[in-house]
Amino acid sequence: VLIIAGGIAATASASLRTYVVGTKYVKGIGTVGSFKGAVKNPYKIILYCEGVHARCAANVVCVKGTESVTWKRSGLTPGTWNLKKKTWHRMDRCHFKATIKSGARNARVTVQATVRS
């Protein structure tokens with residue numbers, strides 16, 4: 001029984017794929033940049049905000065059939081932020097816009113997705 005359960009767990013984890021959807025670098029104090037992206041069959045979408053005193057924003061819309069869920073945040077401090085919540089089960093696709101404003105020198109915003117393959 002343990003072998004079968006391990007085989008099922010291995011199959012489930014093998015069906016997920018993680019990749020970087022996009023990254024935006026900005027240089028100079030107060031510089032702003034953004035990028036847009038889309039993810040099909042999202043399992044998890046993470047935003048990484050990096051830079052001293054940087055601020056990030058995200059506008060995400062996920063769709064499943066005719067149902068949609070929107071997540072808008074601004075003023076996100078440097079750190080890791082979930083753009084797709086666990087409560088949003090089996091969404092078909094998500095599209096987003098990520099924005100970065102540097103606080104001191106350089107800053108970067110990166111969006112990484114894990115998708116069901």
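Which cysteine forms a disulfide with Cys-62? In this predicted model, the partner of Cys-62 is Cys-94, and the two sulfur atoms are 1.9 Å apart. The link is right-handed, with 110° about the S-S bond. It connects distant parts of the chain: Cys-62 belongs to strand S4 and Cys-94 to strand S7, 32 residues apart. Both Cys-62 and Cys-94 are buried.

A search of the whole structure gives two disulfides. Besides the Cys-62 link, a disulfide joins Cys-49 and Cys-56, with an S to S distance of 2.1 Å. The link of Cys-49 and Cys-56 is right-handed, with 90° about the S-S bond. Cys-49 and Cys-56 are buried. Counting bonded cysteines along the chain, the pattern is 1-2, 3-4.

Strands S4 and S7 also meet in a sheet. Strands of a sheet pair through backbone hydrogen bonds, either parallel or antiparallel. Here an open sheet of four strands runs in the order S2-S7-S4-S5, and the pairing is antiparallel. The edges are taken by S2 and by strand S5 (67–76). Each edge strand has a single partner, so one side of each is left without a neighbour in the sheet. On average, neighbouring strands of this sheet are turned by 10° against each other, direction ignored. Strand S4 (residues 55–64) pairs with S7 over nine bridges in the antiparallel sense. Opposite Ala-98 in S7 stands Ala-58.

Aromatic contacts were examined next. The count comes to one aromatic pair. The ring centres of Phe-35 and Phe-96 are 5.8 Å apart, and their planes stand at 90°. The pair is therefore edge-to-face, as the angle lies over the 60 degrees required. Phe-35 sits in strand S2 and Phe-96 in strand S7, so the pair links parts of the chain 61 residues apart. Phe-35 and Phe-96 are both buried.

Charged side chains come next. Side chains of opposite charge can pair when their charged atoms come close. The count here is one salt bridge. Arg-108 forms this salt bridge with Glu-50, and the closest N and O atoms are 2.9 Å apart. Arg-108 lies in strand S8 and Glu-50 in strand S3, so the pair ties together parts that are 58 residues apart in sequence.

Most residues other than glycine have a negative phi, and most peptide bonds are trans. Asn-41 has a positive phi of about 50° although it is not a glycine. Asn-41 is placed in the loop between strand S2 (32–40) and strand S3 (42–50). With a relative accessible area of 34%, Asn-41 is partly exposed. Arg-105 also has a positive phi, near 65°. Arg-105 is found in the loop between S7 and S8. At 65% relative accessibility, Arg-105 counts as exposed because the value is over 50%.

The loop between strand S7 (93–101) and strand S8 (106–116) also contains Ser-102. Is Ser-102 buried or exposed? Ser-102 counts as buried because its relative accessibility of 3% is under 20%. Leaving aside neighbours within four places in sequence, the contacts of Ser-102 are Val-26, Gly-28, Ile-29, Gly-30, Thr-31, Ala-54 and Ala-107.

Key: Residues numbered from 1 in each chain as written. Predicted model: local features only at pLDDT ≥ 70, side-chain atom pairs only at ≥ 80, totals over all residues. Heavy atoms only, no water. Helix = DSSP H or I, 4+ residues; strand = E, 2+ residues; numbered from the N terminus. Buried < 20%, exposed > 50% of the residue type's maximum accessible area, 1.4 Å probe, protein only. Contact = heavy atoms within 4.5 Å. Phe/Tyr/Trp six-rings, centres within 6.5 Å; stacked < 30°, edge-to-face > 60°. Pairing = 2+ DSSP bridges. Axes fitted to C-alpha atoms, helices over the stretch in contact; angles between N-to-C directions. Salt bridge = Lys/Arg side-chain N within 4 Å of Asp/Glu carboxyl O. Disulfide = S-S within 2.5 Å.
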